[in-house]
Structure formats: structure tokens, C-alpha cells
Amino acid sequence: MQTSQALERLLQEAPPDRISVGWIAAQLESRSFGFLMLVLALAGLAPGIASVSGFLLAIPALQMIAGSKTLVLPQFLSKRSSSTASFAKWVRRMIPIFAAIERVVPASAHGRLSGATRLIGLMDLLLAIAIIMPVPFAYIPPTLAIVAISFAQIEDSVALLAIAFGIAAVAIFFVGLVSWEVLEFLVHLIGL
């Protein structure tokens, strides 16, 4: 099942009022790492919850680095929820984008990414740390990079993963540069 179809199914089966992280992970089963990272990143694009999203994204990233085959969520994360309406709004915006990419990526670009799980987890962790940086709007590039990496992981596409890692490198550089500029400004402002 392609990413766009899986997201559509997730929205169709979603509870009417609120949707929890635990419910999402249970629905996604074997694809839980990529899908959970994708869903958390999409939710993290909503204004005001980027920092929380960054901390939440670090948990599955650490499990991937450790080589876990199945996703284990702590209780506090499993119970985190959002209104189904706001979650659906963000996901519906992304479905046509994923569907368009799925039409363009040739089947020959797909391969086995299972051996790259730890590397993917490490990159996701670096991006999650970048999301947490307290710089206005700096969370957007690393969040979009996690969306790209998760999409490549779900689609099991080596070509998409290479592109996503390029996006991730640019995002990390951008956040580092912006953070440095903010730090220099604060040092100048304080007069140190």
C-alpha cells in the first residue's frame, strides 16, 4: 500500500473526536516507524506544537538507532492526542503531494532500506534536535526533512532516501546558521 493510500485509510478509520499517538501506531503495525515519524512530523507543522513534536520524534528515532524491529511507545506518548479535525486538515494537505510523488518515482527506484534503519534513525534524531531549537519558524525545514525521510522509508525507495538526506543536510545547515545568527544577536544585545 502506498503512503497516500495508507494516510487516506488512516483518516477514514480515525475516531471522530480525538486521535492519539497510540491509536496511530496500532493502526500502522509493521510500518509504524516510518508512518509514526511521518504523522508526528505532519502534526508538528501545526503552529505551537513544534517543540513537543521534536521531543516526540526523538523517541522512535532512538529506537531505530538501537535496532528495534517494533515500535514501543511510552505511556505518556501513547496517550498524547490531537483533535481529529486538525490532524485531518494537515494530513489532507499532504496526501495529494505524496500521490504526485508516487506517480513520478519509478518502481526501479525502490529497494530494501531495512539495512539503513539505524542511519535513518540517526538522521531523524539530528533533525528532531534541530526542531527543538528555540528559533521562530526554524522548525519548518527539519520537519519537512523528516517528512521526506519518512516518506522514503515507507515507500522503501533508495532514490527518495538519497533526496531526503540531501534535504535533511540543508535543513540542519539552515537551523545551525539561523541559531548562530540569533546567538550572535543576543550576545551583541546583552553586550558580552
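Author: In this predicted model, the buried residues of helix H4 are Ala50, Ser53, Gly54, Leu56, Leu57, Ala58, Ile59, Pro60, Ala61, Gln63 and Met64. The cover over these buried residues includes helix H3 (32-44), helix H5 (75-78), helix H7 (117-132) and helix H8 (140-155). H4 itself runs over residues 50-65, 16 residues in total. From first C-alpha to last, H4 reaches 22 Å, close to the 22 Å expected at 1.5 Å a residue. After H4 comes Gly67, with a positive phi near 85 degrees.

A search of the whole structure gives one aromatic pair. Its members are Phe98 and Phe151, stacked with 4.7 Å centre to centre and 20 degrees between the planes. Phe98 belongs to helix H6 (residues 84-104) and Phe151 to helix H8, so the pair ties together parts 53 residues apart in sequence. Both Phe98 and Phe151 are buried.

Another ring has a charged neighbour: Arg93 lies over the face of Trp90, 5.0 Å from the ring centre.

As for salt bridges, the structure holds one. The side chains of Arg9 and Glu13 form it, at 3.5 Å from N to O. Both residues lie in helix H1 (residues 3-13), and because they are four residues apart, about one helical turn separates Arg9 from Glu13. Arg9 is partly exposed, at 33% relative accessible area, and Glu13 is partly exposed as well, at 41%.

Technical notes
Residues are numbered from 1 along each chain as its sequence is written. This is a predicted model: local features need pLDDT of at least 70, side-chain atom pairs count only at pLDDT 80 or more; totals for chains, interfaces and linings use all residues. Side-chain values use heavy atoms; hydrogens and water are left out. Helices (H or I, at least four residues) and strands (E, at least two) are DSSP runs, numbered from the N terminus. The expected span of a helix is 1.5 Å times one less than its number of residues. Buried means under 20% relative accessible area, exposed over 50%, partly exposed in between (1.4 Å probe, protein chains only). Contact means heavy atoms within 4.5 Å. Rings of Phe, Tyr and Trp (its six-membered ring) pair if their centres lie within 6.5 Å; planes under 30 degrees apart count as stacked, over 60 as edge-to-face and the rest as tilted. A charge sits over a ring if NZ of Lys or CZ of Arg is within 6 Å of the ring centre and within 35 degrees of the ring normal. A salt bridge is a side-chain nitrogen of Lys or Arg within 4 Å of a carboxyl oxygen of Asp or Glu.
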